Amino acid sequence: MRVVSLVPSLTEAIAVSLPGVVVGATDWCSHPPDLDVTRVGGTKNPKLDPILALAPDLVIANEEENRAPDLTALREAGVEVLVTEVRDVPQAFAELARVLDACGAPSRPRWLDRAERAWAHLPEPERRTTAVVPVWRRPWMVLGRDTFAGDVLSRLGVDHAYATHAERYPRATLDELRSTAPDVVVLPDEPYRFTADDGPEAFTGLPCALVSGRHLTWYGPSLGEAPRVLGAALRAARR
């Protein structure tokens, strides 16, 4: 089986579970760190000719991360494309199982069982926390409705201010974000790389939690440690 993955978290899941199966991945596929495969461009602008040259049996994609015209072009070139949809934690586990099965996994990997148990046995939050969760600046964009990251945070006791917004990633002014008066501002390091010097200064007087984007937005092996890693960052910001 030869697989090209256009989704960083799924690249990691396949490569960890089925060494040697992934032959191509995007420039953003950073895990596992020793992944040595042909790079085929970005998630939004994959290079179709290099993908076709790899003669993949299957291309793995996601309806949010990848563009429909690129996937259509691959199908028209005779390549099988599996498109995932992940909007919450249970759906992530179901789609991971589907992807690994399609890639030829002979059995369910142990890391997937461990990760599912980690999310099935979360302690009840002592109190629920309100938050705004920027994912970009210039312009400011935040988590809105129906997102995987939003569901992750909700299960950890964090209710984000734009969860019922009509858009999934709405734009907002900085004044609008501040006016929600959140308990905490959650700043992930991807897709925009918020850091201690780039992000918190916009929310003076508000606690800011700098969190791992891989643990907040990726659905793969990182799911197993995500509750612990994210929980620690959130608790540190609320002290």
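Let me start with the contact between two helices, where V89, F93, L96, A97 and L100 in α4 meet W111, L112, A115, E116 and W119 in α5. Please keep in mind throughout that we are looking at a predicted model. By class, this contact of α4 with α5 is made of nine nonpolar residues and one charged residue, with no polar ones. How do the axes of helix α4 and helix α5 cross? Helix α4 covers residues 89-102 and helix α5 covers residues 110-120, and their axes come within 11 Å and cross at roughly 170°. Angles over 145 degrees count as roughly antiparallel, and α4 and α5 are therefore roughly antiparallel to each other.

Now to the sheet. Four strands form an open sheet in the order β9-β6-β10-β11, and the pairing is parallel. At its edges are β9, residues 158-160, and β11, residues 208-211, each of which pairs on one side only. If we ignore direction, neighbouring strands of this sheet are turned against each other by 35° on average.

Next, the pockets. Which residues lie nearest the centre of the largest pocket? They are T43, E65, E190, P191 and T217, out of 28 residues that line the largest pocket, and the space in that pocket comes to about 940 Å³. The elements that give two or more residues to its lining are β7 (134-136), α6 (148-155) and α8 (213-217). Sorted by class, the lining of the largest pocket holds 13 nonpolar, six polar and nine charged residues.

The second largest pocket has a volume of about 410 Å³, and of the 19 residues that line it, P123, P125, L156, R235 and R238 are the closest to its centre.

Finally, some points of backbone geometry. In general, most residues other than glycine have a negative phi, and most peptide bonds are trans. Against that background, which peptide bonds are cis here? One joins H31 and P32, with omega about -5°, and P32 is found in the loop between β2 (22-25) and β3 (38-39). Another runs from E190 to P191, with omega near 5°, and P191 has its place in the loop between β10 and β11. You will recall that E190 and P191 are among the residues that lie nearest the centre of the largest pocket.

As for phi, A55 has a positive value near 50° although the residue is not a glycine, and A55 is found in the loop between α2 (48-53) and β4 (58-62). D146, also a residue other than glycine, has a positive phi near 55°, and D146 lies in the loop between β8 (141-142) and α6.

Note on methods: Residues numbered from 1 in each chain as written. Predicted model: local features only at pLDDT ≥ 70, side-chain atom pairs only at ≥ 80, totals over all residues. Heavy atoms only, no water. Pairing = 2+ DSSP bridges. Axes fitted to C-alpha atoms, helices over the stretch in contact; angles between N-to-C directions. Parallel < 35°, antiparallel > 145°, perpendicular 65-115°, else oblique. Contact = heavy atoms within 4.5 Å. Nonpolar A, V, L, I, M, F, W, Y, C, P; charged D, E, K, R; others polar. 1 Å grid on protein atoms, 1.4 Å probe; cavity = no way out; pocket = protein on both sides within 12 Å on 5 of 7 lines; lining within 4 Å. Points joined across faces, edges and corners; volume = space filled by probe spheres on them.
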